[in-house]
Amino acid sequence: MTDTYYLHPKDPQPERLGRIVQALRAGAVLLYPTDTTYAIGCDLLHKGAIERVQRIKRLSNDKPLTFLCPSLSNVATYARVGDDAYRLMRHLIPGPYTFLLPATRALPKLVLDPKRRTTGIRVPDHPLCQALLVGLGNPLISTSARSAEGAEIRYEYELFEALAPVVDGIVELDLPAQDGLLLTQVSTVIDLSGPQPAVLRRGLGWERAATFLQRAGYAPETA
């Protein structure tokens, strides 16, 4: 049976948050909100849970997963961050950005690109994500959630119903009644593993990233 956790969006209740953290440490796979859209995730350091996430998303081992860190200082544990990359990330995070970086040996092989030895890392601007990361003490896998059958989903309840059979828990924000439309926005993806930044996907926050890159002497429109 899938557990449902209702949390305040800005000040998550400690007792409920503690139950989620305990479940994550035990290997639970959760559906949870981020600053872009709902994500499927688990504890970065739980191999069995990561393998389940890959099966849910139908990812082969050569397709890397993105994960969340609470701050730039945590990123340095799992990826090599050069001076230029550091300046860019410090300017943009927290926010809706995914950074591709060379991985360190601290990162499980299941979450990196085996050909390039890179990984995708985000530092989210979302109180609930930050609370989960601090409580868990480890990064969280974060892969965008969608129906396993690929059916179009417009409302949150449709996503919950579609994924309830395959996840252990669903984290819902305890908000006043709304229209329930599902946010399907994506992050801006910036590759920082090469000699200069390369924008691989334009998503939320793209204009802000483009402005900074231009001021730094790069050409994001042709990256």
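Reader: Leaving aside neighbours within four places in sequence, which residues is Ile 50 in contact with?

Author: The model is predicted, and in it Ile 50 belongs to helix 2 (residues 47-57). With neighbours up to four places away in sequence left aside, the contacts of Ile 50 are Cys 42, Asp 43, Leu 44, Leu 65, Leu 110, Val 111 and Ile 141.

Reader: Is Ile 50 buried or exposed?

Author: The cut-off for a buried residue is under 20% relative accessible area. Ile 50 has a value of 1%, so this residue counts as buried.

Reader: How many Å separate the C-alpha atoms of Ile 50 and Pro 197?

Author: Along the sequence, Ile 50 and Pro 197 are 147 residues apart. In space, their C-alpha atoms are separated by 29 Å.

Reader: Which residues of helix 5 meet helix 1?

Author: Helix 1 passes helix 5 in a right-handed crossing. From helix 1, the residues in contact are Leu 17, Ile 20, Val 21, Leu 24 and Arg 25. They meet, in helix 5, Leu 128, Ala 131, Leu 132, Gly 135 and Leu 136.

Reader: How many nonpolar residues are there in the contact of helix 1 with helix 5?

Author: Gly counts as polar here and Arg as charged. Sorted by class, the contact of helix 1 with helix 5 holds one polar residue, one charged residue and, as nonpolar residues, eight.

Reader: Within what arc do the buried residues of helix 4 fall?

Author: Helix 4 (residues 83-92) has the buried residues Ala 85, Leu 88, Met 89 and Leu 92. They line one face of the helix, because seen down its axis they fall within an arc of 95°.

Reader: Which exposed residues does helix 4 carry on the face turned away from its buried side?

Author: The buried residues of helix 4 pack against helix 3 (72-78), strand 5 (97-102), strand 10 (188-191) and helix 7 (206-215). The face turned away from that buried side carries two exposed residues, Asp 83 and Arg 90.

Reader: Which residues of helix 7 make the contact with helix 4?

Author: The axes of helix 4 and helix 7 are 11 Å apart, at an angle of about 140°, and the crossing is right-handed. Helix 4 contributes Arg 87, Leu 88, His 91 and Leu 92 to the contact. Helix 7 contributes Arg 208, Ala 209, Phe 212 and Leu 213.

Reader: How many charged residues are in the contact of helix 4 with helix 7?

Author: Asp, Glu, Lys and Arg are the residues counted as charged. The contact of helix 4 with helix 7 divides into five nonpolar residues, one polar residue and, for the charged class, two.

Reader: What is the C-alpha distance between His 91 and Phe 212?

Author: His 91 lies in helix 4 and, at 34% relative accessibility, counts as partly exposed. Not counting residues up to four places away in sequence, His 91 touches Arg 208 and Phe 212. The pair His 91 and Phe 212 is 121 residues apart in sequence, yet the C-alpha distance is 8.1 Å.

Reader: Which residues on the other side of helix 7 are exposed?

Author: The buried residues of helix 7 are Trp 206, Ala 209, Ala 210 and Leu 213. They fall within an arc of 100° seen down the helix axis, so they line one face. On the other side of helix 7, the exposed residues are Glu 207 and Arg 215.

Reader: What is the omega of the peptide bond from Ile 93 to Pro 94?

Author: Most peptide bonds are trans. Pro 94 is in the loop between helix 4 and strand 5. The bond from Ile 93 to Pro 94 is cis, with omega near -5°.

Reader: What relative accessible area does Leu 182 have?

Author: Leu 182 lies in the loop between strand 9 (169-173) and strand 10. Not counting residues up to four places away in sequence, Leu 182 touches Tyr 38, Ile 153, Arg 154, Tyr 155, Glu 156 and Leu 159. Leu 182 is buried, because its relative accessible area is 12%.

Technical notes
Residues numbered from 1 in each chain as written. Predicted model: local features only at pLDDT ≥ 70, side-chain atom pairs only at ≥ 80, totals over all residues. Heavy atoms only, no water. Left-handed = near helix turned anticlockwise from the far one by under 90°. Helix = DSSP H or I, 4+ residues; strand = E, 2+ residues; numbered from the N terminus. Contact = heavy atoms within 4.5 Å. Buried < 20%, exposed > 50% of the residue type's maximum accessible area, 1.4 Å probe, protein only. Arc of directions from axis to C-beta. Axes fitted to C-alpha atoms, helices over the stretch in contact; angles between N-to-C directions.
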